[in-house]
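Colleague: Could you take me slowly through one part of this model, the pairing of charged side chains? I would like to see which partners meet and where they sit.

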Amino acid sequence: MSILLPRPPPDARGTPSPQPMHLSVPGQLAKSSLSRPPSVFGNGSHVLESSPFYVAKPFAGKDVQMEEVMDELDHRAFIPDSLVEAETKWFYNTLGIDDQYFATESVETIANHILSIYGAKVAAYSRKDHKLELRLDREDEKRAVYIDTSVPGVANLAGPQYEERIDSKYLNGSTPDRAYRVETFRSATKAVADVTAEEPQQFRCYFVYKCQFPEGEISPDETDLQKISDRMFFEKASANTKSIYESIIKLASSQKTTGPVIDMFEIEGTQERRLIIAYRQRSANNYFSALSDLYHYYGLTSTRKYVEQFKNGITVMCIYLSPSPKSSHYPPIEHSIHQVIKEASLLYCLPKNLYQPLFAKGEVSLQESIYAHCVTIFVSHFLNRLGSEYSSLLSILDSSNTGHQEVLGKIKRRLRQETFTRDYIFDIISSQLELVRHFYLSFASTHYIQSEGEGTEFLPTLSYQRLKSSNVLSDEELTKLVRRNAINDHHVLVMDAFHLFNKHVLRTNFYTPTKVALSFRLDPAFLPPLEYSQPLFGMFLLVGQEFRGFHLRFRDIARGGIRIVKSRSEEAYNLNARSLFDENYNLANTQQRKNKDIPEGGAKGVILLDYEYQDKATVAFQKYIDSILDLLLPGKTPGIKSPIVDLYKKEEIIFMGPDENTANLVDWATLHARDRGAPWWKSFFTGKSPELGGIPHDEYGMTSISVREYVEGIYRKLDIDGSKVRKLQTGGPDGDLGSNEILLANEQYIAIVDGSGVLCDPNGLDRAELVRLAKKREMISGFDVSKLSKAGYRVLVDEKDISLPSGEIVENGVTFRNLYHLRTNEKESVTTFVPCGGRPEAININNVSALIRDGKSVIPYIVEGANLFLTQEAKLKLEAAGAIVFKDASANKGGVTSSSLEVLASLAFDDEGFYQNMCVSDGKFPSFYMAYVKEVQKIIKTNARLEFEAIWREHAATGTARSILSDDLSNKITDLQEELQKSSLWDDAAFRDGVLREALPELLLKTIGLEKILERVPVAYLQAIFGSYLAGRFVYEKGVNPGQFAFFEFMVTKRQQIVR
């Protein structure tokens, strides 16, 4: 039912201060939607007192000002004397302009605006079609005015795009310190009286005002309007409006809300609907202008729009919608308004997508355009760009020949970059819109769920009606249609990828009522083995306004960090975008190999910030996490998180951790998982703050402990005094690995490269100054250059044409920084190189020759702390040239060991024990926590030394390259681990318990007891611990190629040890 409202008098239509009216929406009166959890609303009812929404404060000097304006116009003599009064009064009384405009603008400015409108009218009468075109704008720091003409309900793509300008100049960057409110009104009458009814142009006025908030600090949770409102809004808003806004702001600012909160009301006796949308500032760029395209698509127009900003970081948008003059061609507003509400949530995820212009012109629907945008990203990453020719060439060439590998690497890189560019893919898809519609219908027929209320309280949504009335083609029909419509083979490849995408989506939040980004759980079986030899277990594709990203894992139970990739230039962004999936795959694969000592397999997540959103790392991370949670947690709240179609049909749990640019965000992710009801929230993220039971890797140097064990192992084996070693390090004192390497190391640093530039001193960098930077986590840009010798220098990335002490000129600081690790200046020569940061594949088969002189590596010892800094081919070439190289999968596994043991503690303790023993309170560290950290460090050192000794021993015995032995050890351990988990050994309780007593941390066993651990920790997790411990100890002791009875002998000895 509805509580209907008195119709406002005609002269109040289109004004900023409507007459009193009641509002409500269809539905049951039993429950008010504003009392519900955060959601897209519109499925409840509001019973409101009759009162105005805005009560504009009258401008006392308005009549006097009007006379002064007329005098000014008379003086200028452009408007005939007989028309000056009529034009002035029409401007003051008919356009519906708020008194605030007249109170803030000067007489001269108002006269200019009236003259501009009059001039446009005269020009319109001189045209055959009498079409009036007005473009009037004035902008400054405190306010802006825009007035133009438009046809209600029609997007003017050739117009001045004032709404896009308002978005980019005033709304997108809103913060509590700099925010703007917007009022926009459409005139109630035609701009030119005798324009035909088919083109009823009206004036549209936009007024932008800089917000003036109350002084004083407030918390982000503050919702008292008196403390958070702009002064102008608080003066004009009625008690009724304040009540509505305060309720919706409470929901939008809740920690449990990540997306928009949307509500709708109807006005009695009219077809007008009021749409209110609240969301966090800076979370949806270009949303104001994009919403216009949305309601225009459904034949609606706005009479009034308001954007209000609040000091607690919330934006509230209010739009008054009515049927457009051509609404007879569209569904009735009673139906279309609910589709607008649903799609406003989808639009929030991607306010501007690649196919937005086609949507604005009505050639595709919003859902089709966003679907096509997501598939375009999929196509750009997964189109088989290498082809059969590359496969044939691969089979002919010798994989052990580094020259062949170099050629193959160049061909592979070029094919991936040049065959299908982003623009080429876009052009193909844009030319095949009929196919896009059919593929979208196929996608929707699988994943769309009729939500509660569709077909019951309301008629089915337009999406549901379209789905039921349209012909969904079969797979065979789609294949035939692609080949019939395709212009060439490239068109077939691209459009077939739509089919591939649809067939491999197992879950998606595309139709979830509330979401902040789009997520797709994909079956990775489509990946070609030629390019991706190790099969993935699971894959997520995430698409948001500010980013795109993946999460990949090689096992069901897997662990890996989440990193954010930033781009310094558009060229760097394009390179990062092309390599995004491959980088993510290789990182996860490296993680799989380094996780040999722990129960979890390898995983990794990568978030690539779009080039124009380099400052939105936090927002992108939060959307990435929330959209993954949409697919991990069952939807149980209709209208908020409804159930999704689940083709995977299994529960999934993902374990994550910090990585590049995310270390300070993991606490939020942990608490957000808890707030969303995830039962595994304690173990969801590792590396969190000690207050949440985390063991921060950087605080305790967990990764660096493992790296140092390899560096010092080389010195120990070769009887080298580390303090005399000259050293190069990429990754500076501002990073986790870089800072701890400096603090733990005793070598003589010759050069350090980080994000800010290059620091070098051939006579040795001042250690005390490096330690100072490392403790403060500052880049080398903060190094006191007075502590450099005469031969030393610092070159920052922003600098150009810098003269080095040697007389060499550095033309570009960025290029010098990016290539410094390949520099072979004899005066700057080093003995040891420890990469602790830098982009993947910085040393590859195409540039590694720079580090080899006369067949010998110019750097004798390399320990790869940073993931994937060297490609495997580059490592092998360096080893062949005499270098001792230990790869990332072996050297930097300390962090994952720490993370795994952190998770084990969270699973083994009950909630009370976890808070008492693992959570820091009021700055006090539990004694268990500190003792556990020390035991974790001890375990990391033990595992690192065991693997180092095994690799050193195998290399001495066989001559096999250490980089190959590292992979062989990892593969042998992980393969044996899986076999052991499936064997009957686990069923031998005495043996099982004996192995677990060796494998589990001694402190955990002493504090909790094995019986409780067996009771609380999932069986699958314990089986993985059991298998990984036995497999690791066997391979480290017996090597990668043990004799036929080696495992039998090992097990006999192990049983004897357990019995004793």
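Modeller: The structure holds 70 salt bridges, a salt bridge being a side-chain nitrogen of Lys or Arg within 4 Å of a carboxyl oxygen of Asp or Glu. This is a predicted model, in which local features need pLDDT of at least 70 and side-chain atom pairs count only at pLDDT 80 or more, while totals for chains, interfaces and linings use all residues. Residues are numbered from 1 along each chain as its sequence is written, and side-chain values use heavy atoms, with hydrogens and water left out. Side chains of opposite charge can pair when their charged atoms come close.

One of these pairs is formed by Lys 210 and Glu 141, whose side chains meet with 3.0 Å from N to O. The pair links distant parts of the chain, 69 residues apart, with Lys 210 in strand S5 (residues 202–210) and Glu 141 in the loop between strand S2 (135–139) and strand S3 (143–150); helices (H or I, at least four residues) and strands (E, at least two) are DSSP runs, numbered from the N terminus. Lys 210 is partly exposed, with a relative accessible area of 29%, and Glu 141 is likewise partly exposed, at 42%, where buried means under 20% relative accessible area, exposed over 50%, and partly exposed in between (1.4 Å probe, protein chains only).

Another salt bridge joins Asp 475 and Lys 503, with 2.8 Å between the closest N and O atoms. Asp 475 lies in helix H18 (residues 475–485) and Lys 503 in helix H19 (residues 489–504), so this pair ties together parts that are 28 residues apart in sequence. Asp 475 counts as partly exposed because its relative accessibility is 30%.

Turning to Lys 623 and Glu 546, we find a salt bridge whose closest N and O atoms are 2.9 Å apart. Here too distant parts of the chain are linked, since Lys 623 belongs to helix H21 (residues 617–632) and Glu 546 to the loop between strand S12 (538–543) and strand S13 (547–553), 77 residues apart. Both Lys 623 and Glu 546 are buried.

Finally, salt bridges can share partners, and in this way Arg 507, Arg 521, Arg 553, Asp 556, Asp 646 and Glu 652 are joined into one network.
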